[in-house]
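User: I'm new to reading protein models and would like to go through one with you. Could we take it feature by feature?

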Amino acid sequence: MPDRNRAPAVAPEMEWDSPMYKEAVSQFQNVAEKMGLDDNIRERLTMPQRSLVVTFPYRTDEYSKVRTAYGYRVQHVLTMGPTKGGIRYAPDVNLGEVAALAMLMTWKCALVGLPFGGAKGGVRIDPHAVSRRELQRVTRRYTAEVIGMIGPQTDIPAPDLGTDERVMAWIMDTYSQHQGHAVPAVVTGKPPELGGSVARREATGRGIISLLPSAAMRCGVAVDGARVVIQGFGNVGRYAAIAAAEVGCRVVAVGDLTGAIHNGNGLEVGRLARYVDEVGGVKGFPGADEITSDELMAIDCEVLIPAAVGGVIHAGNAGDIRARLILEGANNPTTLEADRILLDRGVLIVPDIICNAGGVTVSYFEWVQDLQNYFWSENEIVSRLREIMIRAFESVLEVSIREKVDMRTAALMRGIERVARAKLVRGVYP
Ligand code: NAD
């Protein structure tokens, strides 16, 4: 006879079910088990508090043709303040994916100590297959559909896959038109003209490198002259490369969608950035040898920074990696199997949830500045970012040593613990 008073921790067919959601829940359950987390809290945290699915029409450029798009917004935890998380535009985005990402945002914000719960949104379109005018109409109508959920005190969207500053400006404008006055704090990642923060673009890359000295010390690597390999030379990889060179590292190899390049003496990162702006990728950069993307991961180096896409460090290449330290810039770059192989080999992995938290941290600064209408200097932003990142790293390291667990488990423990404590002190309403 089933216990009718108790819902199963994961119902067999939940509305959010998708492989990604199940993975996020199972990761949470494993860590909750290790922590001995309160059963009531555990069950509550496996489900997002609010999920909205909308369908809406938009006119194509051929005026008489109207298409319908799906849109989503999920808020995972509303306990500690407004929710925060990006909006992605992708042809296969779905409720399960958005819900999984909202949950991960909760742990990330809590771990870094930001006063937010996690959220995520999405629109199921291919942003590269629609015109700029169509994209604007989709964005404005999506905003109108989710307008009851978002707001500076409730839920603050940001860019994610397929969205950018321009999309944030349209959301801010649509929301402000409905309010009757300008509300810059409703989104972050806006253009500076609308209250976007200086140093937001560089934040994730800089945040990664701010952890390098502490992480390098932990695994006996000298920062000065350390050889760094970076996969991805977009927003994250480029600024990580620039910041790494600034602290005295040698960036010896870089790869992107066009190919990969290597120079054992160190690449001139500033010149490479200008070259990529002109040519569109790293391939053919003068003064470097061309290598394959498999060779890139196996280059002899001290530090490897995956900063492109998920799943690039897997069981098939983990044994070839020669770096002693991996700083995860991308989300989910290391598969579970690879994680085990690398941990067994004594490689220190600083997980994505802490390593790439610089972006959401400077988004938090942007929100605070917008609410106060008082804007900070770049130096203030950079030094506060550093302080928050290092504090988070040290607290995760402390848990990792105390509980004898790897940094990934420790980071999740830290995040989940903070959310659980807040839930316990608020209690259950009514
Ligand atoms: P981006 O689109 O600006 O750059 C991606 C880079 O990766 C490009 O250089 C591209 O050529 C390269 N790339 C893409 N697919 C590749 C592949 N299969 N092999 C090799 N290179 C490939 O993206 P971004 O904003 O730099 O984000 C990179 C990663 O970091 C993503 O996983 C993203 O989710 C994560 N992330 C980004 C931020 C941020 O602030 N931008 C914050 C947290 C996490």
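User: Which side chain does the side chain of Thr334 make a polar contact with?

Analyst: A polar contact is a pair of N or O atoms within 3.5 Å; within protein, one must be able to donate a hydrogen and the other to accept it, and residues adjacent in sequence count only if both atoms are side-chain atoms. Here the side chain of Thr334 pairs with that of Glu328, at 2.5 Å. Keep in mind that this is a predicted model, where local features need pLDDT of at least 70, side-chain atom pairs count only at pLDDT 80 or more, and totals for chains, interfaces and linings use all residues. Residues are numbered from 1 along each chain as its sequence is written, and side-chain values use heavy atoms, with hydrogens and water left out.

User: Where is the place of Thr334? And does Thr334 count as buried or exposed?

Analyst: Helices (H or I, at least four residues) and strands (E, at least two) are DSSP runs, numbered from the N terminus. Thr334 sits in the loop between β11 (325-327) and α11 (336-344). Buried means under 20% relative accessible area, exposed over 50%, and partly exposed in between (1.4 Å probe, protein chains only). Thr334 has 10% relative accessibility, so Thr334 counts as buried.

User: What about Ile125: buried or exposed?

Analyst: Ile125 is buried too, with a relative accessible area of 6%. Its loop runs between β4 (117-123) and α4 (132-146).

User: How many residues of β4 are buried?

Analyst: In general, the side chains of a regular strand alternate between the two faces of the sheet. In β4, 7 of its 7 residues are buried. Gly117, Ala119, Gly121 and Val123 point one way, while Gly118, Lys120 and Gly122 point the other way.

User: How do β2 and β3 run against β4?

Analyst: Strands of a sheet pair through backbone hydrogen bonds, either parallel or antiparallel. For pairing, DSSP must find at least two bridges between two strands. β2 (residues 66-75) runs antiparallel to β4, with 5 bridges; Tyr72 has Gly122 as its bridge partner there. β3 (residues 83-89) runs parallel to β4, also with 5 bridges, and Lys84 stands opposite Gly118.

User: What is the order of the open sheet of 7 strands?

Analyst: Read across, the order is β9-β8-β7-β6-β10-β11-β12, and the pairing is mixed. β9 (289-291) and β12 (348-350) are at the edges with a single partner strand each, so one side of each has no neighbour in the sheet. Ile261 is opposite Glu290 in β9.

User: Which residues come nearest to the ligand?

Analyst: A residue is near a molecule if one of its heavy atoms lies within 4 Å of it. Of the 17 residues around the ligand, Thr204, Phe233, Asn235, Val236 and Leu257 come nearest.

User: Which backbone atoms lie by oxygen atoms of the ligand?

Analyst: A backbone N or O atom of Val236 lies 2.8 Å from a ligand oxygen. Polar backbone atoms of Ala308 and Gly234 are also there, Ala308 at 3.2 Å and Gly234 at 3.3 Å.
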